[in-house]
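This report describes how two chains are arranged and how they meet. The sequence and structure come first, and the description follows.

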There are 2 protein chains.
Amino acid sequence: MFNFSFHNPTRILFGEGQIANLTPLLPKGSKILLTYGGGSIKQNGVYEQVIKALAGFDVTEFAGIEPNPAYETCMKAVEIVKQQGIDFILAVGGGSVVDGSKFIAAAACYDGDGWDILTRQTKVKKAIPLACVLTLPATGTESNSGSVITRYSTKQKLSFMSPHVYPQFAVLDPTVTYSLPPRQIANGAVDAYVHIIEQYLTYPVQAAVQDRFAEGLLLTLLEYGPKSLAHPTNYDVRANLMWAATMALNGLIGVGVPQDWATHMIGHELTALYGLDHAQTLAIVLPALLQQQRTQKRDKLLQYGRRVFGLEHQDEERLIDEAISHTRAFFEQMGVPTRMADYGIQADAVDKLVAQLEKNHLVKIGEHGDITADVVRAILKAAL
Amino acid sequence: MFNFSFHNPTRILFGEGQIANLTPLLPKGSKILLTYGGGSIKQNGVYEQVIKALAGFDVTEFAGIEPNPAYETCMKAVEIVKQQGIDFILAVGGGSVVDGSKFIAAAACYDGDGWDILTRQTKVKKAIPLACVLTLPATGTESNSGSVITRYSTKQKLSFMSPHVYPQFAVLDPTVTYSLPPRQIANGAVDAYVHIIEQYLTYPVQAAVQDRFAEGLLLTLLEYGPKSLAHPTNYDVRANLMWAATMALNGLIGVGVPQDWATHMIGHELTALYGLDHAQTLAIVLPALLQQQRTQKRDKLLQYGRRVFGLEHQDEERLIDEAISHTRAFFEQMGVPTRMADYGIQADAVDKLVAQLEKNHLVKIGEHGDITADVVRAILKAAL
């Protein structure tokens, strides 16, 4: 196990009706920016619950943070924060609204061009305190320090991390997910599953607890992902999906272990160039990447096959093949196709995607830094 | 799953050499009380590392916090804190030193008799900030809000919990455990195992993640507990034991689920009256308690047997019997006997222990509140 430092300061309020309990967690007298997305919170009752909990506070609303939140949109909110002296941001929505709000919080405390934060030309030294009411279990951003932002004018999707943007609290009420379209639930389960894999499926470092926790979360998603589609208003089903997605990326299972975020990095370019849903890109890239890297990931692929899928073959090559095909089958079962062709993307995309990764200096990725441009090309060809 | 609120603010510094990295985590200019136990830290190099990390700070030492820390000892430290204007406590030791230091931190901010905190006649409103360097993986106190204190004059062992006594940081360096006597390692593994069981083995509430995490920690202790005795200087073995013990009682696996702390409560009386090691009392009580409560705990006993011990019998009664006997066998394998007779305690102890529980108003315990004085009597008779 590697040495590590772990600190997750986000308070979780979990369960039905918890939105009403956020009021005492807000700093008294705050000027609050309430951020949200396309307005679905006005149809499902979440907006009313939040407004009620904010009674007595000075609240400014900022709507319209889109899926794969845009740098351009967020910078408009940054102006409002600066002009109005906002001192707390409450994000109400899914991962995109929370990610956008984290970027707003950081960029509002930076005098230069906010894009510098994403190109990592500046380090975040301060941010407006923020919190969130999560409406979509998926990204884990509700209790981590990361954020992903897209600049549409240059087709760049980049991320930043800072301890200053951990939400101070996150409200997770499973009932607010009941009205989500099946596609968003499916995407969320796939996203969370891949987050776990990227912290787990590398090489063994004798990190027993992290491995068992990762496997436990994968088993939970395999069980409750399909149930979430079949029984959209079953409280316990949605509760387990939601808590698993949060635990998948709050930092805990990733302490002291190697990580491989290549699937996310390659996937980001697929979204930036072709507009695919984030989870769709992961479902395309991951199975092909696991096949390509099966030698480097051999020991963990075997462990994954045995402990998560209960495979018992003597033939280890067959066991690895089945572990990968079970992974693909789970994504397909969730209704997320796993081939580029399923989304109408042709072979000419391969070189464009590789060129985009090269432009963003992401050409030695994976836990060994051995996923070069050529390896990415091979992965993408296998995913056509 | 039940609603819950979860917030664990303790920063973990994990790994070899991490004591040297605590310096920047101390508030500048602090007047520090350095608390420790019987002085073993002066033999194994921990004391020197800590003193080096504290260079430049105003440090007062308070040694002699004993196993099952005494109220009387802690109150001496409270006087020092008040007289010298101490504003930070650094506890260096095992669970007893940390528990004692938490009580010191709280009692030093309370004007009345510190014992009121343990009898819960007052609520902790404030505490001196504290942190710890853990030398013994066992209790989980390094990143939770609990503390257990013994008043020897009245033979009372009582606990309190307060968010004000979470350590600000905890340094976990597995190498500092190499020199521990086998009995302490064994006790620590048993204590951690029982902590997990008490949050897991109640009745099902469809808390999939919590169950999987608990099972993962139990599997880790079953594997690494015996290895910790056999290979005392194997880094990865001790690292897994240490991290499992912390995760066992940092609150995470207990969110949203029923809990049953009856084994600890009954065990505390065994320590208070007969001076047994804390873990010895748990090893005595738990197997007898599981047998006694097998009807109420039936579903989870079956799940425990299947998932943790891989039992597959059709006969469910036999499966439950084996799950319990495997639990007993693990404690025995760790060198911790599981019968009162093994410690020379006779049948006359039963009524004395029940009377002590009644005196402390602990007579309707367990997840259903159905472990009455009569049920405790039956458990203790079965544990003779």
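This is a predicted model: local features need pLDDT of at least 70, side-chain atom pairs count only at pLDDT 80 or more; totals for chains, interfaces and linings use all residues.

## A helix pair in chain B

Residues are numbered from 1 along each chain as its sequence is written, while chains are lettered from A and ligands numbered from 1 in the order in which they are written. Helices (H or I, at least four residues) and strands (E, at least two) are DSSP runs, numbered from the N terminus.

The axes of H6(B) and H7(B) lie 9 Å apart, and the two helices pack at an angle of about 140°. H6(B) is therefore oblique to H7(B). Angles under 35 degrees count as roughly parallel, over 145 as roughly antiparallel, 65 to 115 as roughly perpendicular and the rest as oblique. Axes here are lines fitted to C-alpha atoms, for helices over the stretch in contact, and angles run from 0 to 180 degrees between N-to-C directions.

On the H6(B) side, the contact includes B:Leu217, B:Leu221 and B:Tyr224, and on the H7(B) side B:Val237, B:Leu241 and B:Met247 are among the residues met. Two residues are in contact if their C-beta atoms, placed from the backbone, lie within 7 Å. The contact of H6(B) with H7(B) is made up of eight nonpolar, four polar and two charged residues. Ala, Val, Leu, Ile, Met, Phe, Trp, Tyr, Cys and Pro count as nonpolar, Asp, Glu, Lys and Arg as charged, and the others, Gly among them, as polar.

## How the chains meet

In the contact between the chains, 32 residues of chain B touch 32 residues of chain A. On the chain B side, the elements giving two or more residues are S1, strand S2 (11-14), helix H6 (208-230) and helix H7 (235-248). H6(B) gives the most, with ten residues. By type, this side of chain B has 17 nonpolar, ten polar and five charged residues.

Chain B is superposed on chain A by a rotation of 180° with 0.0 Å of shift along its axis (RMSD 0.0 Å). The two copies are thus related as by a two-fold rotation axis. The superposition is by least squares on the C-alpha atoms of residues with pLDDT of at least 70 in both copies. Both copies use the same surface, and 100% of the contact residues of chain B recur in chain A.

One open sheet has seven strands in the order S4(A)-S3(A)-S5(A)-S6(A)-S9(A)-S2(A)-S1(B), with mixed pairing. Its edge strands are S4 (58-62) of chain A and S1 (4-6) of chain B, each pairing on one side only. Neighbouring strands of this sheet are turned by 15° against each other on average, direction ignored. Two strands pair if DSSP finds at least two bridges between them. S2(A), residues 11-14, and S1(B) are joined by three bridges and run antiparallel; here A:Leu13 stands opposite B:Ser5. Within chain A, S5 (residues 88-93) and S6 (residues 130-134) pair in the parallel sense over five bridges, with A:Leu90 opposite A:Ala131.

S2(B) and S9(B), residues 169-172, run parallel and are joined by four bridges. The bridge partner of B:Ile12 in S9(B) is B:Ala170.

## Other helix pairs

H9 (residues 278-292) and H11 (residues 316-333) of chain B pack at an angle of about 175°, with their axes 10 Å apart. H9(B) and H11(B) are therefore roughly antiparallel to each other. Their contact divides into six nonpolar, two polar and one charged.

In chain A, H8 (residues 262-274) and H12 (residues 349-359) pack at about 115°, with axes 10 Å apart. H8(A) is therefore roughly perpendicular to H12(A), and the crossing of H8(A) with H12(A) is right-handed.

Key: A crossing is left-handed if the near helix is turned anticlockwise from the far one by less than a right angle, and right-handed if clockwise.
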